[in-house]
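Try each task before you read its solution.

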Amino acid sequence: MAAAAANNNAFGGFLHTSPLSNLTSSTSHPPDPKAALASNCIRDYFGPLVQTVADALHSRGPSTMSDLIATIRHRCLRDWNEERGRLVDRLNASVVVGANNNKFNKGIIATTSSSNNNNESYYHGGKVTMNKARGAESAGYVTESSHIRAALIVLLHHSLVKVSGGTSGGGGSVGAGDGKHKHPSSSSRHAAKPQHHHYTYTFLHERARLLLRYPRYVEHARDVMNDTAAQIVECLLISGRMRGEDVVQSAWECQKRKMHNILDGEEDVDDYDNKVLTEVVQSFERLVEAGYVEMVRPIVTNKDLEHKGRMQNEENEDDMFGNEFEFSLNEDGSIFNDRSKATRKRSALSSDQGVNTKKQKIDGNALDDHHPQILSLLSTKRNLIPHGSVYRVSTAMFHASLRVDVLSRLVSEIYPDERHVGAIVKAALTYAARQEHGPMRGVDESEEARHSRMAEWGIFSPPDIVPFLPLDVTKSLRSQVGGLNQNLSTLLVQMSKLQYPTSILLEIEEAQGHPMGGKFEVCTRQLLQRMLDRIQHRFLTTHRGLVAARIVSVLQMKGHCESDAIAEDAMVPTKEAREVLHRLHRDSYIDLADMHVTKTHNTGTAIFLWDVIPSRLFKTVINNTCTALLNLRLRRQHEVEVGRDWMNRAKDAGSAEENVHEGDKKKYHAFCKGLERLDCACLQLDETLMVLKDF
């Protein structure tokens, strides 16, 4: 089976898909490029077993644990003789009888389950084992339920799975809106039926694409703040989510290892460690204040579920980050609960109050292992970093901050002769991002107040953006007659009058006579649309040539046109225009509408009109970008697999004599140069995809 899959693989024996992957044997045109890219990212960062679970969730949609295990076993479990399984059970049972007195000391047997559960047994030592999977674990074949649960917890911890669920008791399900009282049966008076908590898991493939962007987040944190902030972001990205005290301790240990390698022996190490710890706490506080790190609800345990009842589950507003729960399930995919009278419901974060207004009760012994100085430094910041609060990296804030850099460079390029336009737009967008993603310290606001605050996102006055302006711009405006605020207000009014080729600012409230110098808003949508148009034009130029890009621009401006009119407007021969039009239609860039004059549908008398559907064009560009990025990543992974020997020999260059050979050096340098070119291409395509999808 595995050999047949390898023969159908375009990369030979290089495996990059799971048994449940939606990729076909030809990887040049996958059926779903975005899902295929997400699956490849999961495999690259978490391994083939996690990829199998993610592909199963994506193919099934929202699934329970029992459905997920059944789906994976259906694809990964090979057909085997039940009589053979019974023989193996009897053979191992005889060993158990002979070693019954010391089976725990020698570790002969770990777990034995009945043949009703697919005859799944785990043996150690001299026991006989049966391989029930169709392939190796390195290829993504998994049949053990414990491995599936472990992979699901990994996805859960990194916010790649959204959880929703209900409660059922006695084998029946209770709807969320079912308010009828059910009378107990005669048997329930003698023995209480166990209660089960069922959960449904949904794979978020859009978040899986962001795994490629983790190095970009770390570098951006270093550019915006410092190296310590970048280390904190890196620790959070690796772990998925951490308590605030764990974040500080992990980043502190990493920074100490880095700094001790460059310290002189004469310097006091303890004093330097204290300085590093203070810097880590300050950087963590800045990250939380700026919104780059967000507080989330902790993953509760079964002990917490037993300790207190849960309120009704509410879906998160962005439908991107679900409320995740740690679990320990039975074989049927449910949590067993001995208390059958009370129906326990899980609580989700309300979009009205957010996570900052709810304090979580945690075990006090969980924080006893931290350094006392960490707890001492954080004790003065408990209004911002509550005791035991859990944090993760806010990808939305990072995308907003990266969008600030992109749009400010675009404005500086469009209006190179205008003073300080790029810096002012950058400051205004930074202020808007802090408004949207910054934490609310202990604010318990009503629904109406929250909507009013959201309506003001992006609207600013000149004094609001002064803290985000560069020092040279601030000094220049302050040195002029009228002062900083007056000159900045005048400059904003001038920027609001710029209309061609695109507008930058809108003057919401007139600046003249306004006590704050007026209110303004950046035209973010218009700037992004201009950026998207440039990307689409460049994409068409690279893919199908300059003539094709010109024809698409003509169709976007004029709408439905015949081929002769398009050829005249694009200034190309009619024959060449028709060839290009048919190529664009084949690639789903443009649309063709035929209008028949008579009822006979004679093609000779029909009128053919070409048009561009913006949504279809945008979808095609995104799919082609994902396909190109996936192919480049597969090419790089294949090159690394082929050149693994060179990489291992380069690590041992000092101990192996063959590495000093000139021919090996040239091959290794050419190999590294090829990997570097692939990395640059992947970074550029990922940046293009980020602008298209996440801005």
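A cavity is a set of points, on a 1 Å grid over the protein atoms alone, where a 1.4 Å probe fits but cannot get out; its lining residues have an atom within 4 Å of a point. Grid points are joined across faces, edges and corners, and a volume is the space filled by probe spheres set on the points. This is a predicted model, where local features need pLDDT of at least 70, side-chain atom pairs count only at pLDDT 80 or more, and totals for chains, interfaces and linings use all residues. Residues are numbered from 1 along each chain as its sequence is written, and side-chain values use heavy atoms, with hydrogens and water left out.

**Exercise 1.** Describe the largest cavity and its lining.

Step 1. The structure holds 2 cavities of 30 Å³ or more. The largest has about 90 Å³ of space.

Step 2. List the lining: His 158, Ser 159, Arg 207, Tyr 214, Leu 236, Leu 237, Gly 240, Arg 392, Val 393 and Thr 395. Two elements give two or more residues to this lining, α10 (227-239) and β9 (390-393). Helices (H or I, at least four residues) and strands (E, at least two) are DSSP runs, numbered from the N terminus.

Step 3. Sort the lining by type: 4 residues are nonpolar, 4 polar and 2 charged. Here Ala, Val, Leu, Ile, Met, Phe, Trp, Tyr, Cys and Pro count as nonpolar, Asp, Glu, Lys and Arg as charged, and the others, Gly among them, as polar.

**Exercise 2.** Ser 159 and Met 571 have positive phi values. Is each buried or exposed?

Step 1. Most residues other than glycine have a negative phi. Phi of Ser 159 is near 60 degrees, and phi of Met 571 is about 60 degrees.

Step 2. Ser 159 is in the loop between α7 (145-157) and β3 (161-169). Met 571 is in the loop between α23 (563-570) and α24 (574-586).

Step 3. Apply the cut-offs: buried means under 20% relative accessible area, exposed over 50%, and partly exposed in between (1.4 Å probe, protein chains only). Ser 159 has 2% relative accessibility, so Ser 159 is buried. Met 571 has 67%, so Met 571 is exposed.

**Exercise 3.** Which residues does a cis peptide bond join?

Step 1. Most peptide bonds are trans.

Step 2. The cis bond joins Tyr 500 and Pro 501, with omega about 5 degrees. Pro 501 sits in the loop between α20 (484-496) and β11 (505-509).

**Exercise 4.** Sum up the chain as a whole.

Step 1. The chain has 27 helices and 14 strands.

Step 2. Of its 695 residues, 43% are buried.

Methods:
On a 1 Å grid over the protein atoms alone, a cavity is a set of points where a 1.4 Å probe fits but cannot get out, and a pocket is an open set with protein on both sides within 12 Å along at least five of seven lines; lining residues have an atom within 4 Å of a point.
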